[in-house]
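Please keep the sequence and the 3D view open while reading.

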Amino acid sequence: MTPPASLLLLVTAIGAVRLVELAVARRNVRWAFAQGGTEYGQRHYPPMVVLHICLLVGILAEVSLADRAFTPLIGGPCLAVLVLAQAGRAWCMRALGPQWNTRVVVVPTAPVVTTGPYRWMRHPNYLIVVVEGIALPLVHTAWLTALLFTLANTPWLVVRIRTENKVLWPAPGGTATAAR
């Protein structure tokens, strides 16, 4: 079965948003390196990119192969959550400004951001990734993709968060790798 046009539109729109985010990230990485930034966790970045591509492909495959339908009682709220998640990511990007990117690049002279959503939590963008990884597939009841993505993404998020915490907030008595 061919995926519904509405799902193709949704996945295409999310893919387009991701491409714009990658362009912003590339610009911000160039800025960070020009400011003396150092990149950490380079080895975990490529698998994370592949995983996020697999999320989009998995949704299309599951909906097509398992004949998943749009169920308004599930799909409607999940679509609303997805829209809110996009707004949340935009808020994170705005709060971080040129420090936002898809990699872990720390500029030693840049302060740790404590405005916007970072006022309340250290890693709001990763909460958004988790929410998206569940809500996006469930718009068309692709529950297996939501489950598999969440299970596969969790260890990578743990690695990513540990990497960022290590370079941004040193252990008590230690020194930060960077004073971002």
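How do the residues of the lining of the largest cavity divide into nonpolar, polar and charged?

## Cavity

The model is predicted. The lining of the largest cavity divides into four nonpolar residues, four polar residues and no charged ones. Those residues are Val129, Val130, Gly133, Phe149, Thr150, Asn153, Thr154 and Leu157. Two elements each give two or more residues to this lining: helix H4 (124-138) and helix H5 (143-168). H5 provides the largest share, five residues.

A search of the whole structure finds one cavity of 30 Å³ or more. The volume of the largest cavity is about 40 Å³.

## The loop between H4 and H5

Thr141 is located in the loop between H4 and H5. With a relative accessible area of 14%, Thr141 counts as buried, because the cut-off for that class is under 20%. Apart from its neighbours within four places in sequence, Thr141 makes contact with Glu62, Arg68, Ala69, Thr71 and Ile74.

## Aromatic side chains

There is one aromatic pair in the structure. The ring centres of Trp91 and Trp120 are 6.0 Å apart and the ring planes are at 55°, so the pair is tilted. Trp91 belongs to helix H3 (residues 72-96), while Trp120 is in the loop between strand S2 (104-106) and H4, so the pair ties together parts 29 residues apart in sequence. Trp91 is partly exposed, at 42% relative accessible area, and Trp120 is exposed, at 60%.

Arg119 lies over the face of Trp120, 4.9 Å from the ring centre. Arg122 lies over the face of Trp169, at 4.1 Å from the ring centre.

Note on methods. Residues are numbered from 1 along each chain as its sequence is written. This is a predicted model: local features need pLDDT of at least 70, side-chain atom pairs count only at pLDDT 80 or more; totals for chains, interfaces and linings use all residues. Side-chain values use heavy atoms; hydrogens and water are left out. On a 1 Å grid over the protein atoms alone, a cavity is a set of points where a 1.4 Å probe fits but cannot get out, and a pocket is an open set with protein on both sides within 12 Å along at least five of seven lines; lining residues have an atom within 4 Å of a point. Grid points are joined across faces, edges and corners, and a volume is the space filled by probe spheres set on the points. Helices (H or I, at least four residues) and strands (E, at least two) are DSSP runs, numbered from the N terminus. Ala, Val, Leu, Ile, Met, Phe, Trp, Tyr, Cys and Pro count as nonpolar, Asp, Glu, Lys and Arg as charged, and the others, Gly among them, as polar. Buried means under 20% relative accessible area, exposed over 50%, partly exposed in between (1.4 Å probe, protein chains only). Contact means heavy atoms within 4.5 Å. Rings of Phe, Tyr and Trp (its six-membered ring) pair if their centres lie within 6.5 Å; planes under 30 degrees apart count as stacked, over 60 as edge-to-face and the rest as tilted. A charge sits over a ring if NZ of Lys or CZ of Arg is within 6 Å of the ring centre and within 35 degrees of the ring normal.
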